[in-house]
Each structure stands twice: as structure tokens, then as C-alpha cells.
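Dear colleague,

Please find below the structure that I am handing over to you.

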Amino acid sequence: MPFVLKARENMTPGLEVGGSPDEFSLTIAIYGDTLVPTELSALMGTEPSTCWRRGEVNPRSLTVRPTGAWLLEHRALAPQTLHDLIVAVRTTVRSDIAWSDLREAYSVQLRVAIHSDRWNFGLGLSAEDLE
């Protein structure tokens, strides 16, 4: 993709490079040897995007999965923001989840991916988004 510079209408003189990210993804990833996906789905109040139990065969690689997993992925395209995506995920899962108990029983990860086809101006998160 070519490098493009464009002048803002209200900018005197100068150039603008890039813009906002094109796409965001947010994944709650929970792993554990004793993880039972149906039980975790009931606890989370939603079905995962994908899940498996320890010992199941991975259909792509035909290898045995060494641990269980429960993954909930959400994606958003511009003009939606990362904040919009965080709100969507928060409203998908139950609000009364005891995250500290969950972290004691399993490995819990929150993954954020930011995709852009061009340079961007960066990204900020509010304290509210990080809670």
C-alpha cells in the first residue's frame, strides 16, 4: 500500500499521516487442565467463540490438546472504537463474575489486537476501560 499524505481542511499549513485503526479484536482466553467448557460457559453467562477440553484432538494438526481452553473473541471495525468493543464484551459476559477466583483456578488472559492498514496516531484507554 502506498504512503499517502493528505492535508486537513482546517490545518494551516501541514500534513496529516495515518488515522484511526481499522479493526480491533478483544479475546478473553481461559486455559486449564481441569477446564470443562460447558461449566465455564454457565459461569460466564455466554457461549465461547471456541473451546476444547484437555486431551481432545486438534482437528487441524491432529495432535492432542495439552490443556483445556475457553475463548471468547469479539471484533469491531472502524468507526467503532476499542472502547465500543470493551463495552460489547462487558455486556456479553455476566457482570457478577468473580475474576479473582477464576484466576486462581485457571490461566486467564485478555488479548487486544489492533489492526491498521496505514500509520495511525496511537490509541488511548481510559481508566474505566481498564477496570
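The notes below describe what was found in this structure.

This is a predicted model, in which local features need pLDDT of at least 70 and side-chain atom pairs count only at pLDDT 80 or more, while totals for chains, interfaces and linings use all residues. Residues are numbered from 1 along each chain as its sequence is written, and side-chain values use heavy atoms, with hydrogens and water left out.

Helix α1 covers residues 37–44; helices (H or I, at least four residues) and strands (E, at least two) are DSSP runs, numbered from the N terminus. Pro37, Leu40, Ser41 and Met44 of α1 are buried, where buried means under 20% relative accessible area, exposed over 50% and partly exposed in between, with a 1.4 Å probe and protein chains only. These buried residues fall within an arc of 105° seen down the axis of α1, so they line one face of the helix; the arc is that of the directions from the helix axis to the C-beta atoms. Thr38, Glu39 and Ala42 are exposed on the face turned away from the buried side. The cover over the buried residues of α1 includes β3 (23–32), β4, β5, α2 and α3 (99–105). Just after α1, glycine 45 has a positive phi of about 80°.

Alanine 29 belongs to strand β3 and is buried, at 0% relative accessibility. Its C-alpha atom is separated by 5.0 Å from that of glutamine 109, 80 residues apart along the chain. Leaving aside residues up to four places away in sequence, alanine 29 touches Trp70, Leu71, Ser107, Val108, Gln109 and Arg111 (contact means heavy atoms within 4.5 Å).

Two loops also deserve mention. Leucine 62, in the loop between β4 (50–52) and β5, has a positive phi near 60° although it is not glycine, and it is exposed, with a relative accessible area of 66%. Proline 79 is in the loop between β5 (68–77) and α2 (82–92), and a cis peptide bond with omega of about 15° joins alanine 78 to proline 79.

Finally, the charged end of arginine 65 sits over the ring of tryptophan 52, 3.7 Å from its centre; the rule requires NZ of Lys or CZ of Arg within 6 Å of the ring centre and within 35 degrees of the ring normal.

Yours sincerely
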